[in-house]
Amino acid sequence: MRKELLDLLVCPETHQPLHEATPETVAKINRLAAEGKLVTRALKTAEGPVDGALIRGDGQFFYPIRNGIPVMLVEESIPMV
């Protein structure tokens, strides 16, 4: 993700800054999604795989990136694994 865009994005719930997940974290997210073990804040099984993830500043939740687009909806955020 371009740094200019990342600098503009914040958590829509808390307004905390976001940072990109490492490739290792993305691999773990995708593995858990394939196993059906990720649940969104709306209590739906999270779809996978993801291209990446934006992690909230406090490290509690992440917003998935799908098809290169961050999904910045609170109900689509997922607790960190």
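I began with burial: buried residues make up 38% of the 81 residues in the protein chain, where buried means under 20% relative accessible area, exposed over 50%, and partly exposed in between (1.4 Å probe, protein chains only).

I noted that this is a predicted model, in which local features need pLDDT of at least 70, side-chain atom pairs count only at pLDDT 80 or more, and totals for chains, interfaces and linings use all residues. Residues are numbered from 1 along each chain as its sequence is written, and side-chain values use heavy atoms, with hydrogens and water left out.

I then looked up the elements. The protein chain has 2 helices and 5 strands (DSSP runs, numbered from the N terminus: helices are H or I of at least four residues, strands E of at least two). From the N terminus on, their order is α-β-α-β-β-β-β.

I next searched the whole structure for salt bridges and found 5 (a side-chain nitrogen of Lys or Arg within 4 Å of a carboxyl oxygen of Asp or Glu).

I looked up Glu 76, which meets Lys 44 in a salt bridge at 3.3 Å, N to O. This pair links distant parts of the chain, 32 residues apart. Glu 76 counts as buried at 18% relative accessibility, and Lys 44 as partly exposed at 45%.

I turned to Arg 56, whose salt bridge with Asp 58 has its closest N and O atoms 2.9 Å apart. Salt bridges that share partners join Glu 13, Arg 41, Arg 56 and Asp 58 into one network. Arg 56 is buried, with 6% relative accessibility, whereas Asp 58 is partly exposed at 35%.
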